[in-house]
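Me: I am new to this structure and would like to learn how to read it. Could you take me through it one feature at a time?

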Amino acid sequence: MASAEASSVTIKVEFSGGLELLFSNQRSHTLTLPAAVPTDNATTVPVSSTTEATKPADITYLIHYLRDHLLKERAELFEENGTVRPGILVLINDTDWELEGEGDYVVKEGDEVVFISTLHGG
Amino acid sequence: MSTSCGNPETEQDALMTRRTKFDKTKTSCFFPLISTRFRKTLGPTINNKRGNKGANARGGRIKGLMQAPGSLVIGHSGGLGSTVLLDLVAKSYFYRSSTSSGQLPEDSLSLGSEHPRNRARGEGDSGDVWKGTPAVCYVEVASVIPGAKERTEEVRAAVKAYSDPTTGFEIDFIPLRLEDAFDEGWWKTVGGTDLKQGARDLGIDINDEALPTLRQGSNIPTTPLQSLHTYLSSLPTPTAIHSAISSLIRVLLLFTAASRDASHLLLGTSLTSLSMNMISGIAQGAGFAMVSEGLEEAWIGKNDQNISIVRPLRDIGIKESAFWAWWSNLPVPGRDRYPSSVSSVPLGSETAASRVAVKQNQKLTSIDVLTQDFIMGLEKDFPSTVSTIARTLAKVTTKEKGVSGGCVVCQKPAQPDVQAWKASISIRSYHDEAFVKSKHPLPPHFTSPPDAGVSAASSPTNGLAPRLCYSCHTTFTSRSSRGIASANEVVVPLPVWVKASLPSSSEDTTVPESKDLQTGSNEDVAQAEVWETKKLSRGSIKDKIGAFLLDDAGDE
């Protein structure tokens, strides 16, 4: 259930296809993100909504957050130019993120986001 | 009339209503769609082609009974495609384990319980499509990849998941190792002919474009693993290493399948991987084999045994494979990228300096890696072009047939007169008169023209070069313009099937040992064939390549 003021959003993130190796070998993570985040996707600076430009937390912010806070090694295998590396598929609530607006999708309470790597071929 | 195309990516204000019933990612549509595509690709190849009346348009089934002439072997790389392939094959043609998830193919739901296909399933039988017990064959490559973990047991567990103890149905698991390619013991288990005594220690000198066969003398590797490391570390470029590993795996799978009287060898190459392999292969000179085989390959082993190499996922993209694996909860063992550099001795026994050098050289890129990155990026932004690459291959053909028996190393079709073609299109030596006159600068790793050596004047009749395809010959002899390749004094060992195919003249004791070539070169040069090169006129060049030029439209 969302908090009364919706100051944060709790989502579930899963990794598959070998990506979990980059995230402490843990497939499933539960994250709490701020509901409003900086427009430049900075993940280390506390958001002050009165002075900084903010936006609702979206998938692009989530990718930056994962890179900055959960990724243990080889960031270039996960993120490239502000989005996931080609070959990594993203599912938002079991739906291809291309149908949900890709990085612009605003995460909601209880969403499940899955990152699947296809980089080990046939 | 609206002039808007309705595409919101080009027009911000365009409204494109999402019709959820057309979402391919909806699982209710997705599984039957993929399953149908899979069976439509594999179905028409099952029966012996002589009796095949063609594919039924519905689900790829042909009219009448599906009956393969032999057994089934599935090649498993540990990757995503192989995992999905195994799942699709098991669910479509064999008894489905209660531990696996997913939906039955749509066609089966329309069949009655007494239909032979459903009845055979219930009894835990294979449905009698293929003879004998199906098998999955996995080739472990971790022994040549620094830091890689062995995945044989993970793949074994994935195969075992399709067993059903209540009916006794099982899929056989055949674990192999890459070094088996140099193991006489493995060769005997797959029914290979005994190696002649004189062939056992034969190798080749890859510094000579004719690839003369030599005895390895005192440098003969003691174990198959050592032979593998010597073989791969002697190759001139990272691209050659990747190509060699792929060829070894392919032939290991072929001979293993042949030993089981298989009529079909299935590989989990998805549409995306197929496109990568095509671009990469053609860039390395393997276009003839790809084009002549089209999208269907056949390999003829001993006793005219015919094995069809089928890629049933060739119409399924890597993205769709990933969704299938995710929604079916399939564990994917994973697959490491092939190394760009290999130690000359087995891992763990190399010197610290060698270990550092090998690790540093892993950063070197290869045609395969570049192609993979390119195709992955292409699929993301322009997904239809990936399928276009695969479909284009089906439209082209070769002007001539391959030589009998194909390439002795990769067992693929080989075009005739490879050496003559190479001689007419490339500079063969920096001592070439035409090259010297052109005053073209030498590559950066040469400060002065290298010694002519024996290569400019030798053409032993027992060389391997005439029996290779263009791609394999290039694998052995290419030289990177960046000078990465190092001169190699080691005689390179050969895979067992190559040794077994060498003619009986290989027992001739006059086959030189490697040291003879290094010390007795002057006499050899004096008696060997002499090559003469000269610059050709435009007219004579056109005569030579005219057979490959397209006819002008007006000439028809």
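**A guided reading**

Reply: Let's start with a helix. Nine of the ten residues of H11(B) are buried, so H11(B) is largely enclosed by the rest of the structure. Buried means under 20% relative accessible area, exposed over 50%, and partly exposed in between (1.4 Å probe, protein chains only). Helices (H or I, at least four residues) and strands (E, at least two) are DSSP runs, numbered from the N terminus. Keep in mind that this is a predicted model: local features need pLDDT of at least 70, side-chain atom pairs count only at pLDDT 80 or more, and totals for chains, interfaces and linings use all residues. Residues are numbered from 1 along each chain as its sequence is written, chains are lettered from A and ligands numbered from 1 in the order in which they are written, and side-chain values use heavy atoms, with hydrogens and water left out.

Me: Which residues of H11(B) are buried?

Reply: They are B:Ile318, B:Glu320, B:Ser321, B:Ala322, B:Phe323, B:Trp324, B:Ala325, B:Trp326 and B:Trp327. After H11(B) comes B:Asn329, with a positive phi near 55 degrees.

Me: How should I read a positive phi?

Reply: Most residues other than glycine have a negative phi, and most peptide bonds are trans. B:Leu211 is not a glycine, yet its phi is positive, about 50 degrees. B:Leu211 sits in the loop between strand S4 (202-204) and strand S5 (213-215) of chain B, and its relative accessible area of 0% makes it buried. In chain A, Asp94 is another case: phi of A:Asp94 is near 70 degrees. A:Asp94 lies in the loop between strand S7 (88-92) and strand S8 (95-96) of chain A, and counts as partly exposed at 35% relative accessibility.

Me: How do I read the interface of the two chains?

Reply: The size of an interface is often given as the accessible area lost when the parts come together. Here the area buried between chain B and chain A is about 2,000 Å², with 59% of it from carbon and sulfur atoms. Buried area is the accessible area (1.4 Å probe) that two parts lose on being put together, summed over both. In terms of contact (heavy atoms within 4.5 Å), 25 residues of chain B meet 23 residues of chain A.

Me: How many salt bridges cross the interface of chain B and chain A?

Reply: Side chains of opposite charge can pair when their charged atoms come close. The rule (a side-chain nitrogen of Lys or Arg within 4 Å of a carboxyl oxygen of Asp or Glu) finds three across this interface. A:Asp96 and B:Lys319 form a salt bridge through their side chains, at 2.7 Å, N to O. On the side of chain B that touches chain A, helix H2 (80-93), helix H11 (318-327) and helix H13 (367-381) of chain B each supply at least two residues. The largest share of that side, six residues, comes from H11(B), the helix we began with.

Me: How do I read a salt bridge inside one helix?

Reply: An α-helix has 3.6 residues a turn, so residues three or four places apart point the same way. B:Lys91 and B:Asp87 are both in helix H2 of chain B, four residues apart, about one turn of the helix. They form a salt bridge, with the closest N and O atoms 2.7 Å apart, and both residues are buried.

Me: Where do the partners lie in the salt bridge of B:Asp336 and B:Arg151?

Reply: The side chains of B:Asp336 and B:Arg151 meet at 3.2 Å, N to O. This pair links distant parts of the chain, 185 residues apart: B:Asp336 is in the loop between H11 and helix H12 (352-361) of chain B, and B:Arg151 in the loop between strand S2 (135-140) and helix H5 (152-160) of chain B. B:Asp336 is partly exposed at 24%, whereas B:Arg151 is buried at 11%.
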